[in-house]
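Here is a briefing on one protein model.

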Amino acid sequence: MSRFCSLIIMGPPGAGKGTQARVISERLGVLHIDCGQVVRKEVASQTEFGLKAKEYMLAGRLVPDELIIGIMLKRLKVADCANGFLLDGFPRTVEQAKGLDNYLSAKDAKLDYIIFLGITERTAIQRLTSRRFCPSCGRVFNILTAPPKVEGVCDNCGREIEQRPDDKPETVIARLKVYELETAPLRNYYKDSEGYLEFDGDKPGEAVTEDVIDAINAGGRCK
Ligand code: AP5
């Protein structure tokens, strides 16, 4: 990858955005920016934004557009985004997409790829309620499909793994409803754009990665 390359990855909660974004960003040599992680860090640090965002997250709702657009555009101005970025979880509403488009057009750029991962509701619920993470190094596990070597303990750092508070079944259902209402319309917003790609996220992780990388290589825009 030699020129600025910008990508977004979208899809319902549990589609594998984070899982895929970590591998694909490494393969393409671009920075992975996880919007949910940005929000969780602000919540943990109890910043003014974090204090406002916390109540929305715990209810499975989206943080209001004006707050999230501000924090994400600020993040994109940091020097480590100079080669490009793969945005995971942003934009998540049409308003946010317009905010990102305006930011990129001011730099005379536009999104190179819009990656959409589709999954069934059943898969989403199963994956999210069985997801665990390490509060120390952030590594993600799945007690059904990708468990740690020793039950309940992170392979990297030995910390006890936890469940995200918003991965409890009742919050997962709320997040899926919010997705249908507020984020699903983004597909229409992007579907006629150059670089829009759709994939079956129900497939095993490695197969999804190869599908995405093959399509990006065939498109030739991030070389
Ligand atoms: P965020 O953290 O972004 O949550 P999300 O979009 O609901 O996405 P997830 O992280 O839950 O799912 P994922 O698709 O990344 O799945 P993963 O790869 O981990 O956001 C959290 C909250 O922050 C929001 O609810 C909102 O409040 C706020 N927020 C964030 N961005 C915002 C925005 N732009 N605007 C407003 N508010 C915002 O995979 C899930 C599990 O499945 C894992 O255990 C994994 O191991 C497993 N898995 C993944 N792929 C596969 C596969 N192919 N086969 C088998 N297992 C798999």
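Asp108 is exposed, with a relative accessible area of 76%. Exposed means over 50% relative accessible area, buried under 20%, and partly exposed in between (1.4 Å probe, protein chains only). This is a predicted model: local features need pLDDT of at least 70, side-chain atom pairs count only at pLDDT 80 or more, and totals for chains, interfaces and linings use all residues. Residues are numbered from 1 along each chain as its sequence is written, and side-chain values use heavy atoms, with hydrogens and water left out.

**Backbone geometry**

- Most residues other than glycine have a negative phi, and most peptide bonds are trans.
- Asp108 has a positive phi, near 60 degrees, and is not a glycine. Asp108 sits in the loop between α5 and β4. Helices (H or I, at least four residues) and strands (E, at least two) are DSSP runs, numbered from the N terminus.
- Gln46 is also not a glycine, and its phi is positive at about 55 degrees. The loop between α2 and α3 holds Gln46. Gln46 is exposed, at 57% relative accessible area.
- Gly29 follows α1 and has a positive phi, near 75 degrees.
- A cis peptide bond runs from Phe90 to Pro91, with omega near 0 degrees. Pro91 belongs to the loop between β3 and α5 (94-106).

**Helix α1**

- Helix α1 covers residues 17-28, twelve residues in total. At 1.5 Å a residue, α1 should span 16 Å, and its end C-alpha atoms are 16 Å apart, which agrees. The expected span is 1.5 Å times one less than the number of residues.
- Lys17, Gly18, Gln20, Ala21, Ile24, Ser25 and Leu28 are the buried residues of α1. Seen down the axis, they fall within an arc of 155 degrees, so they line one face of the helix. The arc is that of the directions from the helix axis to the C-beta atoms.
- These buried residues pack against β1 (5-10), β2 (31-34), β3 (84-88), β4 (113-118) and α9 (205-219). Contact means heavy atoms within 4.5 Å.
- Val23 lies in α1. Val23 counts as partly exposed, at 34% relative accessibility.
- Val23 and Asn188 are 165 residues apart along the chain, and 27 Å separates their C-alpha atoms.

**Helix α2**

- In α2 (residues 35-44), Cys35, Gly36, Val38, Val39, Glu42 and Val43 are buried. Their arc, seen down the axis, is within 160 degrees, so they line one face of the helix.
- Lys41 and Ala44 are exposed on the other side of α2.
- Packing partners of the buried α2 residues are β2, α3 (48-58), α4 (65-76) and β3.

- Thr171 is found in α7. Thr171 is buried, with a relative accessible area of 8%.
- Leaving aside neighbours within four places in sequence, Thr171 contacts Met57, Leu58, Ala59, Gly60, Pro165 and Asp166.
- The second largest pocket holds about 180 Å³ of space. Its lining includes Pro12, Phe116, Tyr179, Glu180 and Arg187.
- β4, α6 (121-129) and α7 (169-183) each give two or more residues to this lining. The largest share, three residues, comes from α7.

Key:
On a 1 Å grid over the protein atoms alone, a cavity is a set of points where a 1.4 Å probe fits but cannot get out, and a pocket is an open set with protein on both sides within 12 Å along at least five of seven lines; lining residues have an atom within 4 Å of a point. Grid points are joined across faces, edges and corners, and a volume is the space filled by probe spheres set on the points.
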